[in-house]
Amino acid sequence: MSTHTSSFIEPAEIRTRFSRFMSDMYQAEVPLYGDLLDLVAEVNQDVLARCPEVEQHLQRTGEFERLSMERHGAIRLGTAAELATIRRLFAVMGMQPVGYYDLSPAGVPVHSTAFRAIHEKDLQKSPFRVFTSLLHLELIDDPALRKMASDMLAKRNIFTERVMELIEQHETEGGLNEADSNEFIQEALETFRWHKEATVTSAEYDRLHEQHRLIADVVAFKGPHINHLTPRTLDIDRIQAEMPKRGITPKAVVEGPPRRKCPILLRQTSFKALQEKVAFTDQSNGSHTARFGEIEQRGAALTPKGRALYDQLLANTRKELNALPSEENAERYTELLEQHFQAFPDSHAAMHDQQLAYFRYFVTRKGLDAAAEKALPGTLNELMTAGCIDYEPLVYEDFLPVSAAGIFQSNLGDSAQAHYDASSSQAEFQNALGQPVMNELALYAETQQRSIDECLAILKA
Ligand code: OOG
Ligand code: NI
């Protein structure tokens, strides 16, 4: 047992510091990402200045403080062992695997989870999360190439010796002190750093690339370089329109639901991956295209019922478009999306009453006054009707498989429209991970319930 428990740095604090270092590293590696951050900061300030109600809302929910903090990044891993160790690494920062995303039906040979904080108080401190994909080597149909890829992956070690020691120390002692935490952050960063020296010859790279650019991106390099970081904006349509004016090339369409008065789930867009110089083992002037920048706008977390409606309306939109969204049909796609989503109620009251979204309940001024006078109605519903309890939607903290596939595809080039019959399996992913992924819907339901319990405790005290 450690005698220094009190000097442990909170996982949320390690996560906060880590995400800052990660952002600095990525800005230095991909300067265009820095330009994107400037644009997002400008647009957010402008929205806040023009819509005081938006600022009030963010203040009330605690999101105001976390707004300018990094929201998420993404990595792609090659082996089950890498996934199992990355789970232990993220655990040091209080990040757990939440959700399972199978992208193979969309022609992307990976399956994924998101490592993130799971308690609302912890998310408030730092919402930083990492969308983590595991390459599905079984989907490579050429056996010789598959063997080459798995041999290459078996040879690499993506973690420093010191980070392994610190992970073990965290596991056995239950935490890390100030100096060890800072060292952990620096050592962990090494796993995500970009290395322009590939580990393969130019011919090997070409073979991997021909199979799928994603396979080359994972197999041909020393480690799982962070491939994008994603700040949160309050107006994604403005960012999409502004990007070209600043020499940033956006993907064709914004993924996710359409623009609404009451945002739901997650809307995302990105700037296209940059062509970067790399050195193959036999040739120094190669190039590779993988890293990009992304922007997201988050809205309400949906219940299973709300999510089913979302999935249905999105599927109907795509069916009517009858093609993948692209530059050519972008306008029509947006129109269709808006038309179809008219069937999704656009007020918090309707979303609440039809149980389409999860909410955080809170005691109002009126509720506190009534409690002081012992003049409270009984049930939760009565308390709400009487205006003693109010609610607002919980922010969606996760990802969307169709959107993720769209983000992947826009950064893999148009030649990469592969189709895979074999579908991935969650059981296999969890075996690799070494534990089940958490169910995101259960987490929202728990957060909602905690807020109800808290209201009742305050009012009935
Ligand atoms: C991940 C793409 C998915 C998101 O935000 O949905 C993603 C990747 O390109 O590795 O980041
Ligand atoms: Ni992303």
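This is a predicted model: local features need pLDDT of at least 70, side-chain atom pairs count only at pLDDT 80 or more; totals for chains, interfaces and linings use all residues.
Residues are numbered from 1 along each chain as written, and chains are lettered from A and ligands numbered from 1 in written order. Local features need pLDDT of at least 70, side-chain atom pairs count only at pLDDT 80 or more, totals for chains, interfaces and linings use all residues, and side-chain values use heavy atoms, without hydrogens and water.

Reader: How many residues apart are His72 and Glu294?
Author: Strands (E, at least two residues) and helices (H or I, at least four) are DSSP runs, numbered from the N terminus. His72 lies in strand E1 (residues 72–77) and Glu294 in strand E9 (residues 293–298). The pair links distant parts of the chain, 222 residues apart.

Reader: Are His72 and Glu294 buried or exposed?
Author: Buried means under 20% relative accessible area, exposed over 50%, partly exposed in between (1.4 Å probe, protein chains only). By that cut-off, His72 and Glu294 are both buried.

Reader: Which residue in E4 is the bridge partner of Arg76?
Author: Two strands pair if DSSP finds at least two bridges between them. Six bridges join E1 to E4, and the two run parallel. Strand E4 (residues 129–135) has seven of its seven residues buried. The partner of Arg76 is Ser133.

Reader: Which residue in E4 is the bridge partner of Val110?
Author: Strand E3 (residues 110–116) runs antiparallel to E4, with six bridges between them. The partner of Val110 is Leu135.

Reader: Which residue in E11 stands opposite Tyr361?
Author: Strand E10 (residues 359–363) has four of its five residues buried, so it is largely enclosed by the rest of the structure. E10 pairs antiparallel with strand E11 (residues 389–393) over five bridges. Opposite Tyr361 stands Tyr391.

Reader: At what angle do H5 and H8 pack?
Author: Axes are lines fitted to C-alpha atoms, for helices over the stretch in contact (heavy atoms within 4.5 Å). Angles run from 0 to 180 degrees between N-to-C directions. The axes of helix H5 (residues 80–92) and helix H8 (residues 161–173) are 10 Å apart. The angle is about 65 degrees.
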